[in-house]
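Dear colleague,

Please find the structure below, handed over for your study.

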Amino acid sequence: MKNLSQEQLRNFELAHKAEIETITQVLTRITTKSPEVIKPYLDAILKRLVQLQQVQLPLYETASPEELA
């Protein structure tokens, strides 16, 4: 899996700061954990999801039968 640089991850976090803060607040309410406890877990989840988004699948895994013909 392609590794994200710290700079790329930081840019992603800055671009989605409001959304990440909202998610943190919701998780704080439903788990009764502090934002400081939640943040490392949320950071790990976001990093993995962004990495998955950057993975390029080979043509044979994504192509329709017509595209392969």
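Helix α2 is followed by threonine 32, whose phi is positive, near 60°. Helices here are DSSP runs of H or I with at least four residues, numbered from the N terminus. The model is predicted, so local features need pLDDT of at least 70 and side-chain atom pairs count only at pLDDT 80 or more, while totals for chains, interfaces and linings use all residues. Residues are numbered from 1 along each chain as its sequence is written, and side-chain values use heavy atoms, with hydrogens and water left out.

The 15 residues of α2 should span 21 Å at 1.5 Å a residue, and its end C-alpha atoms are 21 Å apart, which agrees. The expected span is 1.5 Å times one less than the number of residues.

The largest pocket has a volume of about 230 Å³, the space filled by probe spheres set on grid points joined across faces, edges and corners. A pocket is an open set of points on a 1 Å grid over the protein atoms alone, where a 1.4 Å probe fits, with protein on both sides within 12 Å along at least five of seven lines; lining residues have an atom within 4 Å of a point. Among the lining residues are Arg10, Glu13, Lys17, Ile20 and Asp43. Helix α2 gives the most to this lining, with four residues.

Glutamate 13 is found in helix α1 and is buried, with a relative accessible area of 17% (buried means under 20%, with a 1.4 Å probe and protein chains only). Leaving aside neighbours within four places in sequence, glutamate 13 is in contact with Ile20 and Asp43 (heavy atoms within 4.5 Å).

Yours sincerely

Definitions and conventions. Helix = DSSP H or I, 4+ residues; strand = E, 2+ residues; numbered from the N terminus. Buried < 20%, exposed > 50% of the residue type's maximum accessible area, 1.4 Å probe, protein only.
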